[in-house]
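Hello,

Here is the structure I promised to hand over. Please have a look at it first, and then read my notes below.

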Amino acid sequence: MPRNFSLKKSPLAPISEPKLMPVLGLNLYTFSAGLYSKKRDDIAIFVFPKNSSVAEVFTNSSIRSFTLDWNEKILKNKKIHALFVNSGNANTFTGNHGKQSIRSIVNQIKKTYLINDNNIFVASTGVIGEKFPVGQVLKTITKPKMTKEWMDSARAIMTTDTFPKGMSVTSMIEGKKVTITGISKGSGMIEPNMATMLGFIFIDADLGSEILNKLLKENISYSFNSISVDGDESTNDTVILASTRAIKFKKPIKNVSDKRIIDFKKKLKKVFMKLSELIVRDGEGATKLIEINVLNARNEKDANTFAKSIANSPLVKTAIHGSDPNWGRIIMALGKTYININTKKLKIYFGKYLVTKNGTANSRVNDNIISKYLGKDNIKITVDLGLGIKSSRILTCDLSKQYIDINASYKT
């Protein structure tokens, strides 16, 4: 039965939607197959020039969508000719029918868009375990109509998202303007390590798959892998970085350290960071964006473990939702990692306010001040361990009653 999520827009959403810029050589098509309702698009197809380059990262979940198995196989070709994305059905745990559905969709795209290779990537998001509606999809995508409004693609891939997520920037390489346009989706089942979300970043600079792969892995760790909404990792998560290679340069760019792409790399990082932040801002039922910084850990692994423990704690998240100045929840989250901490060196800050020092509460800051700070919609928690030089930053959100309402009726 088609679901039609009509949730109230997140209070953390951007005031206005960005204007997305087209990427040279890339054609966009969006469709409504009625996977949610006939009032909204639920399929996006991107058609690239032949020999466009691609890189992709996948969820680490031990159970994953057949779409990712397909992509991992054709990723070896290092080329992309088309990308198909649907919302409304995850095509996960759907048996042989799910696998065959992918092959049917790929064959139809080849026929409709005159593609003579298998370099067609697929991505799906929605409910797990429901039969994939391949008949509806095939019937819909046989009638292509090019879309000029790129934000339509961001809308088409939404599930419980309350607003579309996208960003465009430009950079200059050898005096030529190159475009970076990205879209993402995600709202619940979000946990660092490729969490319930899809991310697609498109460029037109002539960069091969080897460089794209390095750039993707360089950016993924502090963007999409540094966010959390509820600590649950999904089966379908993936991020794709693809280039039409439409804008050529005097000499090929073969290394990520090439000075010609210094500004480009900065702009690309900006897009990755923004697309991942927008997912947290749209966390199911979220009312507050929370930035967690763990400083001066012994090593990077410890720093990440501490940050994730805080970010994924329901007690921490509900306390912040209620503006409860209970920093003891932070102590709890640190302790349950089983990593040794020198409590005399430990300092915890809410915003600029130091709430602990020398193994006890800071008597100079009272609860009323902290509660007032926690009433804001952007919260910063800093944990200074005083043990080394490594750090970690994770974005998360509060946990509200609406999160329960949404997930108690996701299928019904």
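Let me begin with Asn118, which sits in the loop between helix 2 and strand 4; helices (H or I, at least four residues) and strands (E, at least two) are DSSP runs, numbered from the N terminus. Before going on, please note that this is a predicted model, in which local features need pLDDT of at least 70 and side-chain atom pairs count only at pLDDT 80 or more, while totals for chains, interfaces and linings use all residues. Residues are numbered from 1 along each chain as its sequence is written, and side-chain values use heavy atoms, with hydrogens and water left out.

Asn118 has a relative accessibility of 31%, so it counts as partly exposed. (Buried means under 20% relative accessible area, exposed over 50%, and partly exposed in between, with a 1.4 Å probe and protein chains only.) Leaving aside neighbours within four places in sequence, Asn118 is in contact with Trp70, Ile74, Arg103, Val106 and Lys110, where contact means heavy atoms within 4.5 Å. Gly95 is 23 residues from Asn118 along the chain, and their C-alpha atoms are separated by 22 Å.

Helix 2

This helix has 18 residues and reaches 26 Å from its first C-alpha to its last, close to the 26 Å expected at 1.5 Å a residue. The expected span is 1.5 Å times one less than the number of residues. Which residues of helix 2 are buried? They are Gly98, Ser101, Ile102, Ile105, Val106, Gln108 and Ile109. They cover an arc of only 165 degrees around the axis, so they lie on the same side of helix 2; the arc is that of the directions from the helix axis to the C-beta atoms. Their cover includes strand 2 (43-58), helix 1 (66-74), strand 3, strand 4 (120-125) and helix 3 (134-141). On the face of helix 2 turned away from its buried side you will find the exposed residues Asn96 and Lys111.

Leu114 follows helix 2, in the loop between helix 2 and strand 4. Its phi is near 55 degrees, a positive value in a residue other than glycine. With 74% relative accessibility, Leu114 counts as exposed. Tyr338 also has a positive phi, of about 65 degrees, although it is not a glycine. You will find Tyr338 in the loop between helix 9 (328-335) and strand 10 (347-350), where it counts as exposed at 75% relative accessibility.

In the loop between strand 3 (79-87) and helix 2 (95-112) lies Phe93, which is exposed, with a relative accessible area of 64%. Together with Ile63 and Ile128, Phe93 forms a nonpolar patch on the surface, with about 310 Å² of accessible area in total.

Salt bridges

Side chains of opposite charge can pair when their charged atoms come close. How many salt bridges does a search of the whole structure find? It finds 16, a salt bridge being a side-chain nitrogen of Lys or Arg within 4 Å of a carboxyl oxygen of Asp or Glu.

One of them joins Glu174 and Arg260, with the closest N and O atoms 2.7 Å apart. This pair links distant parts of the chain, 86 residues apart: Glu174 is in the loop between strand 5 (165-173) and strand 6 (176-185), and Arg260 in the loop between strand 8 (238-247) and helix 6 (262-281). Glu174 is partly exposed at 30% relative accessibility, and Arg260 is partly exposed at 24%.

Asp263 and Lys267 also meet in a salt bridge (3.3 Å, N to O). They are 4 residues apart in helix 6, so about one helical turn separates them.

Arg393 forms a salt bridge with Glu291, the closest N and O atoms being 3.3 Å apart. Arg393 lies in strand 14 (residues 390-397) and Glu291 in strand 9 (residues 289-297), so the pair ties together parts that are 102 residues apart in sequence. Salt bridges that share partners also join Glu17, Asp152 and Arg155 into one network.

Best wishes

Terms used
Patch = residues over 30% accessible without salt bridge, like charges linked within 9 Å, V, L, I, M, F, W, Y side chains within 5 Å. Areas by Shrake-Rupley, 256 points an atom, 1.4 Å probe, with all protein chains shown as cover.
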